Amino acid sequence: MIGVDLGGTKLLAGAVDGALQVHHRAHRSPRVADTAELLDLIADAVRELQEASEHEVRGVGIGVPALMDLERGVAVDCVHLPLREVPVRNLLE
């Protein structure tokens, strides 16, 4: 599994095994100009961990510091990052 913690000051991601042991980490600064650049940053960190992982990645979870519409999987608004009406769930799929 890959877990992504997206915050206002850092993006930290890790690849973990079934015993919850972290095998790889990725760190990025989310200081970006726009939503597209932020989404590329997230995708780049996930790809890095997929490539570094010795096992098949079976899922990705992400924590987003935004007001979420959980039914739609949409980041409605975020104070710190350019996430407004972004369909996070669909983009991750």
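I started at R28, whose side chain makes a polar contact with the side chain of E48, at 2.6 Å. A reminder to myself: this is a predicted model.

Next I looked up where R28 sits, and found it in strand β3. Is R28 buried or exposed? Its relative accessible area is 14%, and I call R28 buried because that is under 20%. I then listed what R28 touches, leaving out residues up to four places away in sequence: K10, L11, L41, D44, A45 and E48.

From there I moved on to the sheet. In what order do the strands run? I read β3-β2-β1-β4, an open sheet of 4 strands with mixed pairing. The edges are taken by β3 (22–28) and β4 (60–63); each has a single partner strand, so one side of each is left without a neighbour in the sheet.

Strand β2 (residues 11–16) pairs with β3 in the antiparallel sense, over 6 bridges. Within β3, H27 is the residue that L12 stands opposite.

Then came helix α1. Which strands does it lie across? I found that α1 (residues 35–52) lies across β1 (2–6), β2, β3 and β4, and runs at about 155° to β3.

My last stop was A52, which is found in helix α1. I have A52 down as partly exposed, with a relative accessible area of 31%. I also took a distance from here: the C-alpha atoms of A52 and A75 are separated by 29 Å, with the two residues 23 apart along the chain.

How values were computed:
Residues numbered from 1 in each chain as written. Predicted model: local features only at pLDDT ≥ 70, side-chain atom pairs only at ≥ 80, totals over all residues. Heavy atoms only, no water. Pairing = 2+ DSSP bridges. Helix = DSSP H or I, 4+ residues; strand = E, 2+ residues; numbered from the N terminus. Contact = heavy atoms within 4.5 Å. Axes fitted to C-alpha atoms, helices over the stretch in contact; angles between N-to-C directions. Buried < 20%, exposed > 50% of the residue type's maximum accessible area, 1.4 Å probe, protein only. Polar contact = N/O pair within 3.5 Å; in protein donor to acceptor, adjacent residues only side chain to side chain.
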